[in-house]
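Visitor: I would like to know how the terms used for a protein model are decided. Please take me through some cases.

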Amino acid sequence: MAFSSWISRLRSSSKPIYTKFRNSFTTTAPPPSLAAEIIVRCRHIRKPPVSPWARSLLPLALVVSAGSFISQSNGVNCPSYCQSPILDQTKGIGGKDSTDYLVKGSLKKIPQELIEELKLICKDNMTMDYDERYFHGKPQNSFHKAVNIPDIIVFPRSEEEVSKIVASCDKHKVPIVPYGGATSIEGHTLCPSGGVCIDMTLMKRVKSLNVKDMDVVVEPGIGWMELNEYLEPYGLFFPLDPGPGATIGGMCATRCSGSLAVRYGTMRENVINLKVVLANGEVVKTGSRARKSAAGYDLTRLMIGSEGTLGVITEVTLRLQKIPQYSVVAMCNFPTIKDAADVAIASMLSGIQQVSRVELLDEVQVRAINLANDKKLPEAPTLMFEFIGTEAYSREQTLIVQKIASEHNGSDFVFAEDPEAKKELWKIRKEALWACFAMEPNFEAMITDVCVPLSHLAEIISKSKQELDASSLVCTVIAHAGDGNFHTVILFDPNKNEQRKEAERLNHFMVHAALDMEGTCTGEHGVGTGKMKYLEKELGIEALKTMKRIKDALDPNGIMNPGKLIPSHICF
């Protein structure tokens with residue numbers, strides 16, 4: 001099929017998905033009667049006044065904001081999960097085989113002395129407004145919920161303010177939950193024990209750009225898309241591309257990646273150093289600006305992926321890349337999802353050095369794209385590639401992959417070199433998640449994030465696809481096929497418990513299949529509350545106990561984002 005004909009189908013009647021569905025995804029504070037049921041306190045129930053409001057969601061994303069876990073309390077507002085009398089140690093959130101999505105917690109009234117201290121530190125940049133607290137306490141892209149919401153929201157403008165806020169909370173033993181772009185999907189920003197939510201979005205400066213060193217120093221509240229707009233005139237870019245709205249601080253906290261990870265790696269490889277406020281208010285810089293160092297413990301990597309449980313990130317030094325000289329975007333259809341996955345594996349094994357993206361969409365996902373945008377794309381498993389380098393080399397790579405695809409029943413192989421045409425092709429992938437809701441606008445989504453060694457990708461996708469197709473729920477597959485990471489979007493009616501249980505069953509099936517293949521339960525979304533129950537099988541009890549010891553050493557009062565990352569039954 002000629003490319004011009006194909007791309008015209010892509011463009012036809014295209015409408016922005018966000019505009020089309022924003023009214024289906026507004027968040028409304030519950031009425032007082034429901035709030036009384038949800039906001040459970042240790043000894044009393046708060047019944048706050050409610051004024052109805054609505055906010056459109058940030059774009060649904062496969063990345064990140066800060067999250068964490070609970071540890072030994074030593075007098076914190078809520079007891080340790082190891083000690084708490086109100087928590088079921090085996091079936092509670094994060095416990096082995098847990099299917100609960102309502103995160104439990106306990107808390108007591110915030111001391112008035114702390115409120116006055118925060119007013120002195122933050123001045124007008126804090127609120128106790130119920131609507132704001134409810135909005136910050138309910139993740140916008142996650143079906144996970146908590147029994148409590150934050151008591152106070154603060155908006156620091158500097159590292160010094162963050163340090164004072166954290167020190168004050170530690171003194172009063174009040175929980176802290178860092179908050180960034182609110183794009184995480186595993187309950188990272190839930191506040192099961194109430195406390196203080198630290199919204200970092202006012203800290204978004206570019207502090208210094210070192211063009212010759214190809215690095216940049218930024219505050220955590222800046223978004224990756226904003227940063228790349230700033231860098232473009234210099235011929236540089238930051239190569240990680242999670243969901244729109246994700247901020248650099250949250251991306252560090254969840255150790256996210258995106259479609260470009262097959263070429264440039266994850267946040268782990270792209271952060272040079274950090275500045276972090278520890279639980280006692282002390283500020284630590286984790287390393288120098290040198291591209292490599294063998295000096296001491298690697299504190300940078302310790303903090304990346306800690307999901308706000310060890311400290312609050314206040315500064316990030318990032319490794320940058322040159323904007324590619326030339327690129328080609330290619331797309332190809334296949335009769336089965338296994339054929340598509342086999343081509344992804346074969347392409348990576350072919351010796352091609354400059355592939356920057358290998359993305360896979362199943363036929364259900366393509367159908368969603370067609371429905372959402374009135375397009376007429378072939379509803380078949382589809383692979384998308386991006387090749388970079390010189391013009392000649394990019395074209396050479398394209399022809400190599402075209403030959404591999406033809407050997408695996410590939411058809412309709414098209415490629416684009418024109419900038420606008422390439423944008424049209426990648427628009428498909430970037431809008432994939434929003435497009436899912438065209439099929440079920442009032443449903444919620446459970447999104448899986450398994451990752452396996454590349455040699456097992458075709459096997460696990462085939463097994464998962466059989467299970468998904470047999471289910472009564474609408475399920476789509478989206479994969480970063482070049483590094484073995486794939487997602488399924490499982491749509492379910494939140495008002496029907498049997499549908500939520502079916503979604504959880506499918507999730508369990510895929511995670512355990514991945515773990516049996518020496519894979520992971522989360523390739524890029526992080527643990528939060530949603531993936532805790534799988535960590536013991538994946539990492540082993542001794543690894544989790546070691547994490548718990550590190551947590552307790554750095555946060556002895558257990559104030560840093562309690563209820564996240566470490567399963568509730570882990571004690572030592």
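**Terms and their cut-offs**

Guide: R263 is partly exposed, with 33% relative accessible area. This is a predicted model, in which local features need pLDDT of at least 70 and side-chain atom pairs count only at pLDDT 80 or more, while totals for chains, interfaces and linings use all residues. Residues are numbered from 1 along each chain as its sequence is written, and side-chain values use heavy atoms, with hydrogens and water left out.

Visitor: Why is R263 called partly exposed?

Guide: Buried means under 20% relative accessible area, exposed means over 50%, and partly exposed is in between (1.4 Å probe, protein chains only). R263 has 33%, so R263 counts as partly exposed. R263 sits in helix α9 (residues 261-264).

Visitor: What makes R395 and E417 a salt bridge?

Guide: The term requires a side-chain nitrogen of Lys or Arg within 4 Å of a carboxyl oxygen of Asp or Glu. For R395 and E417 the closest N and O atoms are 2.6 Å apart, so the pair qualifies. R395 lies in helix α14 (residues 391-406) and E417 in the loop between β17 (411-416) and α15 (419-430), so the pair ties together parts that are 22 residues apart in sequence. A search of the whole structure finds 29 salt bridges.

Visitor: Is K465 buried or exposed?

Guide: K465 has 7% relative accessibility and therefore counts as buried. D469, its salt-bridge partner at 3.3 Å between the closest N and O atoms, is partly exposed at 48%. Both lie in helix α17, four residues apart, about one turn of the helix. Salt bridges that share partners join D362, E363, K465 and D469 into one network.

Visitor: Why are α17 and α18 called roughly antiparallel?

Guide: Helices here are DSSP runs (H or I, at least four residues), numbered from the N terminus. The axes of α17 (residues 457-470) and α18 (residues 497-516) come within 10 Å and cross at roughly 165°. Angles over 145 degrees count as roughly antiparallel, under 35 as roughly parallel, 65 to 115 as roughly perpendicular and the rest as oblique. The pair is therefore roughly antiparallel.

Visitor: Which residues form a nonpolar patch on the surface?

Guide: Y297, L299, L302 and I550 do, with about 400 Å² of accessible area together. Patch members need over 30% relative accessible area and no salt bridge; nonpolar side chains (Val, Leu, Ile, Met, Phe, Trp, Tyr) are joined within 5 Å, like charges within 9 Å. I550 has 33%, so I550 passes the area cut-off.

How values were computed. Areas by Shrake-Rupley, 256 points an atom, 1.4 Å probe, with all protein chains shown as cover. Axes fitted to C-alpha atoms, helices over the stretch in contact; angles between N-to-C directions. Helix = DSSP H or I, 4+ residues; strand = E, 2+ residues; numbered from the N terminus.
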